Amino acid sequence: MGKVAINLVTGSLQQEETIVGIDLGTTNSLVAIVRGDTHQPIALKEIDGLALVPSIVHFDVYGNTTVGNPARELLIAQPERTIYSAKRLMGKSYQDVSHDAGFFAYNIIDDDTDALVKVQVGQKFYSPIELSSYILKELKKRAEHILKTTVTKAVITVPAYFNDAQRQATRDAGRLAGLDVLRIINEPTAASLAYGLGAKQNEEKTIAVYDLGGGTFDISILTISNGIFEVLSTHGDTYLGGDDMDNLIARFWQETPGEGDTDIGIGSSLDRSLMQQLRITAEEAKKHLTNNEVFEGNINGTAVRITRQEFNDLIQPLVDRTIESCQSAMQDAGLKNEQIDAIVMVGGSTRVPLVKESVSAFFGKEVHDSLNPDEVVALGAAVQADILAGNNTEMLLLDVTPLSLGIETMGGLMDVLIPRNSKIPTKAGRQYTTQKDGQPGMRISVFQGERDLVQDNRKLAEFSLTGIPGMPAGLPKVEVTFLIDADGILKVSATELRSGVAQSIDVKPQYGLTDEEVEKMLLDSLTHAKDDIKTRALVEATTEAQQMLDTTEKFLTKHRGLLADEEVELTQNRMDQLREAINAKDKDRIQQETEVLNDVSRPYAERVMDAALKDAMKGKKVI
Ligand code: ADP
Ligand code: MG
């Protein structure tokens, strides 16, 4: 807190704000943050104590929207105006969803093209992006209300199997809701992060993430190595989840008359409100059975009852199907069950004891279930948000270099080896040479930033290449190599190619820089671009002049006998002029005087100049 950020677009200052993590779920959505004081992720809860916002949008006849629980209550009463599972439509065409059309109680437009689907409510049409944006707006509003500040930045999660179109649609929904979506991350990755798996450097883990939500199931096998998550395989069933369990219970009650022999209507067409009650009570029973052996309730005056054992028998085939998916995912990943280091349970339906036991038995290990399974994805998104905010430097999750990396060359110039936004891992190298005769070492200073002068950038490291055998200036060939490996560590090495003398150093380039600092550095480079060009030109002219002076000076001491007295005098005169120009920091004059001195001395130099030296000086920069 207390930091100030600069908006790169407007150039205005803005107070640092919390970046939120959002789980935009098929059934429920929620928003989480990492607390500044405890550094723990927490789901944001309204006074009602509920973090989950049902992913349901209701439109009234005037087109006004309600989102969440109030909308959910209208699901059965007004099916054509109450939109659920919009996530299933994200980034899809009608052709993509046509075979599932029966699932949706609302009207999906069949325009028989491969354009993106729209949902019709009354006379209006809504894209899934708009529908999702209503949910995101609600989450944003909630977060702002709870945090008492504006919220404009978010990390949003998507299933690992989401394709580019679906991810882009999610991003667009965020933008439409007034959120700057800093990153889209995979739900299983988020869940692993919430448990702190793979948080440490040099940690390698293979993780199975079992996600059983309201209407979807997926299993993902991930590896995490040095902060880089890789999805090895995913499997699942997009129409299998907790809702199916509810339906099984509802049918069970419909088919088995209650003890008081009051029938709630086997197979008959229940009226909508009764239907609604039946579903709600069924879900209640399912949740109750998580911690109890029997549920007893009442629907419209009729007693209903179900035991844990009866429930388990009902859902056994469902659970078996998820285990088969796990088997397939493991096969696709080419792994044996004992190679899994951790199993993460995600989704409200993993609270069901039979589910937990079956998954644990399949992998032969205890599952990670200490975090709230319907919050864990949002919590992980918040952890990622916290990393992006620069608050968590212990963890690294990098994919591109945020700023350019380079070394200092003669005159304090920044010579970029790896430009910003390069994908990692990446490698770059360049040759440099010495400035002085017999120079035994070379100082390699590594900088990060966009400015032309290193003094305006951030120094990351410095080391010396020593033991270069005595050679004339310009002759050594020092190859400097930058390598950023997959774990984000920059390795800089320098080798003098003629002698083989080598030296290297490891640098952690991104550590300690917040997004705001990166932004500021980029902004600086824009506002100072003109100054920088001028300075660079001056520095380059000075460097060249200095080299010219050194070479000439050296020549004069070495080959004094080859020159006439007038020649020596003239040369020294021109050298003084050039030195004056350098002191005056007058770029044009420096260049002019350099040329004059060059013209004067070229004829002598040509007399003796070592061909090898001339050669070596060509096309190489001097450190
Ligand atoms: P999604 O990821 O699809 O948005 P969630 O992870 O929020 O879904 O899971 C919602 C499902 O979890 C619902 O079917 C809900 O009934 C179920 N659920 C929530 N709590 C429990 C519980 N205690 N026992 C069993 N199922 C539960
Ligand atoms: Mg989910």
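Q: How many bridges join strand 7 to strand 8, and in which direction do the two strands run?
A: Start with the general idea: strands of a sheet pair through backbone hydrogen bonds, either parallel or antiparallel. Here strand 7 (residues 56-59) and strand 8 run antiparallel, joined by 3 bridges. For the record, strands are DSSP runs of E with at least two residues, helices are runs of H or I with at least four, and both are numbered from the N terminus. Two strands pair if DSSP finds at least two bridges between them.

Q: Before going on, what am I looking at?
A: A predicted model: local features need pLDDT of at least 70, side-chain atom pairs count only at pLDDT 80 or more, and totals for chains, interfaces and linings use all residues. Residues are numbered from 1 along each chain as its sequence is written, chains are lettered from A and ligands numbered from 1 in the order written, and side-chain values use heavy atoms, leaving out hydrogens and water.

Q: Which residue is the bridge partner of Val57?
A: Look across to strand 8, and you'll find Val67.

Q: What is the strand order of that open sheet?
A: Reading across, the 3 strands go 8-7-9, with antiparallel pairing. Strand 8 (65-67) and strand 9 (82-84) each pair on one side only, as the edge strands. From one strand to the next, the twist averages 20°.

Q: Which helix lies across these strands?
A: Helix 3 (residues 128-147) lies across strand 7, strand 8 and strand 9, at about 105° to strand 7. Such angles run from 0 to 180 degrees between N-to-C directions, with axes fitted to C-alpha atoms, for helices over the stretch in contact; contact means heavy atoms within 4.5 Å.

Q: Now the ligand: how many residues surround ligand 1?
A: Count a residue if one of its heavy atoms lies within 4 Å. That gives 18 residues, the closest being Thr27, Asn28, Glu283, Lys286 and Thr290. Helix 7 gives the most to the shell, with 4 residues.
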